[in-house]
Amino acid sequence: MTYLLLGYFLACFIPLFISSWRTAIFGLALQAGFVALLLARVHDPWTHPGTAIQIAELLFIRMIVLPALIAGTLKRFKTGPELDLIPANLVAWGIAIGLLILSYSMGQRLYPEDLYFALHLGTSAFALLASLLVLALQRNAIGQALGILLFESGISLFESQMQHSQPWFIQFGISLVFLGLIIVASRFLLHFRKLDQAPAQVTEEGDVL
Amino acid sequence: MMLLICGAIPLLALVGTLGKDSQRRSLATFLIAAGVSFLAALYLIASAEVNYAATFLAGYGLSDASSRLFLLLICAVFLGTALYVYSRALVSPVVVKDLHRFVRFALIFFSAAVFSILSNHFLVTWIFLEVTTLAAAPLIYHQKGAAAFRAAWRYLLFSTFSLSLALIGFLCLAKGMELTGSESLFFVSSLVEHVPNIAPLWQPLGIALVIFGFCAKLGLAPVYAWLPETYDAAPPSVTTLLAAIQFNCVILALFRFLQTFRHLEPELVRQLLLTFGLASILIASLNIVVAKNYKRLIAYASINHAGVIAVGLGLGKSAAFGVVLYVLSNALVKAVLFLTSGNIKARFHTKEMADLHGLIKAMPYSGWFFMVGVFALLGFAPFGSFFGEVIIMSSMIEQQNYVVFTLFCILLTVIFVATGRSIFPMIWGEPTPVRSQSEETAESVYTLLPNLFFIVLLVVLGIYIPSAANSILQEVARTIGGAS
């Protein structure tokens, strides 16, 4: 399973250094695919309904709906291809590498005798910390949305380490909430693009309610 | 059954908002749903024994003193908000436009808030809190411009982030339970009875993350930046929903968490809550000193209130009753102040304190409500907030926590002076001339009634709490570490 973790790590790490929102969205979809494969190896989805729902969420919502919604919104408004998740300078890259070392050190500290679990924890910690770095450095709504989605991806990787899966309806609720989040976030991105293109049409009407 | 009705009514009421020309119907549905939910919550608290606690829905729902008390509180605030929206819709044709959309999201928000309060499972509570966030985001920029839209986006980002942190905390605790061979279940009623066995390192990590996540969702420092911007930019009715309903749902989740996990890491919990609480009061005091906008000032006062609650929770023991009293007062004060600030804004079209004078003469009822609300906000006697603060402060002395006591007193004095200096000139003096004599200038009885009701409750909490109500408050305080 280590190669799946390596795949996830690369899908998370590379988009940080490539100035393209398409790569970032593709990276998120790939991450979801790797987590789904990891989950399928830990629990049999045919006997664990919670895991089956989680895998369905990863494959359908995170790999298909999410990229389609976000990329569709951005394409509709002819957004330029370039987007730096973290600024392209040595300081930001240095911090990202520092977070990488910190994450894997934490994994090793919590699982000193189990290399696989240490790697798993280190990779999820890196996804979470990298998303915090993205959120801290981004002023752009698209970048912030990608940062929060990377954070959610890190959580799903961390969750895939659990031996006990949650009851199916709790997992279903969590999946619905995530679907709601990406729908609301894509609506916001749509409005942001409209605001950028026609700011004069929007007026402050006052506290009417 | 009645508990489920409280949450199901708003969902059923959604049917009344369907259709393009359903503005007036939506308004009536909104009011009826709020009224029926309030009556159901009132019946529940009156009919159940104080100590009665039972689970329902296969153990996923919980009816105890805390859930019944918070249910009544949020139903009362929701009814007050519905009456306010009704009164605004009667006098302003602009409000009626897209009203069905507003009502739809408000009903979803309220229903999710009710279910989060009734939940007996931490992850179910988490799901419903997320739903309240998703429903609140479109409400924040309802009929408003770019500034409100950006505030709504920041609210969505910060809220998602803070709740996700809490979720990671629960996952850490689940991992810790797995490593010791325990089943990672998060039923509140089971966790109260059986102390979970959690692996070292995972235990403090999980507890710290959950507390940090919930505190960030409450707008406590260091993750507080979203709160003043959101409360200022959102329509007053939505600010009331956030400050008095969603806030209390998160507070109850935090109460439940402390009830079940506090004893595992008492010192860590205490240090975290005291640090977040004092830092929040400090930040609120600095911002209140320089505030120029009355809605933003009340928003910073909300951060201060959240800080006082966190300090009280950190102290625990004898402060617990003061915390419960303060939480209830805080919800009522916020409802009075934000709804009244909506009336003031509708009349004068400004939020700048320097532009407003003589509110008591210009808008006698709203002026009085605003003044009384500010007195309660500042913790004057005879309001519940005063006694809540006194109990929390006496607990500091009792626990010989003199440093916290000194800091607390200094910061509250700064807030007291700065708020009074800014707000009181608005209330007295010669009235500010109204820009246009529109139909909006009349003070509606529908907005006066809920405010009057909230103020009576505030005074009752301070002067005389009936023994039945006192027993409920004591029982809730007991769950968060108060003396039984």
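The points that follow treat the basis of the model, the contact between the chains, selected residues and the salt bridges.

1. Basis of the note. This is a predicted model, in which local features need pLDDT of at least 70 and side-chain atom pairs count only at pLDDT 80 or more, while totals for chains, interfaces and linings use all residues. Residues are numbered from 1 along each chain as its sequence is written, chains are lettered from A and ligands numbered from 1 in the order in which they are written, and side-chain values use heavy atoms, with hydrogens and water left out.

2. Extent of the contact between the chains. In chain A, 43 residues are in contact with 55 residues of chain B, where contact means heavy atoms within 4.5 Å. The area buried between the two chains is about 4,400 Å², and carbon and sulfur atoms give 74% of this area. Buried area here is the accessible area (1.4 Å probe) that two parts lose on being put together, summed over both.

3. Polar and charged pairs between the chains. Between chain A and chain B the count is 5 residue pairs in polar contact, both residues being at pLDDT 80 or more. A polar contact is a pair of N or O atoms within 3.5 Å; within protein, one must be able to donate a hydrogen and the other to accept it, and residues adjacent in sequence count only if both atoms are side-chain atoms. The count of salt bridges between chain A and chain B is 0, a salt bridge being a side-chain nitrogen of Lys or Arg within 4 Å of a carboxyl oxygen of Asp or Glu.

4. Helices on the chain A side. At least two residues each of the side of chain A that touches chain B come from helix 4 (90-110), helix 5 (115-137), helix 6 (141-159) and helix 7 (168-197) of chain A. Helix 7 of chain A gives the most to this side, with 13 residues. Helices (H or I, at least four residues) and strands (E, at least two) are DSSP runs, numbered from the N terminus.

5. A:Phe188. This residue lies in helix 7 of chain A. Its relative accessible area is 1%, so A:Phe188 is buried; the classes are buried under 20% relative accessible area, exposed over 50% and partly exposed in between (1.4 Å probe, protein chains only). Leaving aside neighbours within four places in sequence, A:Phe188 is in contact with B:Ala137, B:Tyr141, B:Phe149, B:Ala152, B:Trp153 and B:Leu156.

6. A:Ser103. Which residues does A:Ser103 contact, leaving aside its neighbours within four places in sequence? They are A:Gly122, A:Ala125, A:Phe126 and A:Leu129. A:Ser103 is found in helix 4 of chain A and counts as buried because its relative accessibility is 1%.

7. B:Asp64 and B:Arg256. Over all chains the count comes to 8 salt bridges. One salt bridge joins B:Asp64 and B:Arg256, with the closest N and O atoms 2.8 Å apart. B:Asp64 lies in the loop between strand 2 (61-63) and helix 3 (65-91) of chain B and B:Arg256 in helix 11 (residues 236-261) of chain B, so the pair ties together parts that are 192 residues apart in sequence. Both B:Asp64 and B:Arg256 are buried.

8. B:Arg296 and B:Asp232. The side chains of these residues meet in a salt bridge, at 3.1 Å from N to O. B:Arg296 is in helix 13 (residues 294-315) of chain B and B:Asp232 in helix 10 (residues 226-233) of chain B, so parts that are 64 residues apart in sequence are tied together by the pair. B:Arg296 is partly exposed, with a relative accessible area of 28%, whereas B:Asp232 is buried, at 9%.

9. B:Glu430 and B:Lys361. A salt bridge also forms between the side chains of B:Glu430 and B:Lys361 (3.1 Å, N to O). B:Glu430 counts as exposed at 59% relative accessibility, and B:Lys361 is exposed with a relative accessible area of 54%. As for shared partners, salt bridges join B:Asp232, B:Arg296 and B:Lys351 into one network.

10. B:Ser159. This residue lies in helix 7 (residues 146-179) of chain B and is buried, with a relative accessible area of 1%. The side chain of B:Ser159 makes a polar contact with the side chain of B:Lys217, at 3.0 Å.
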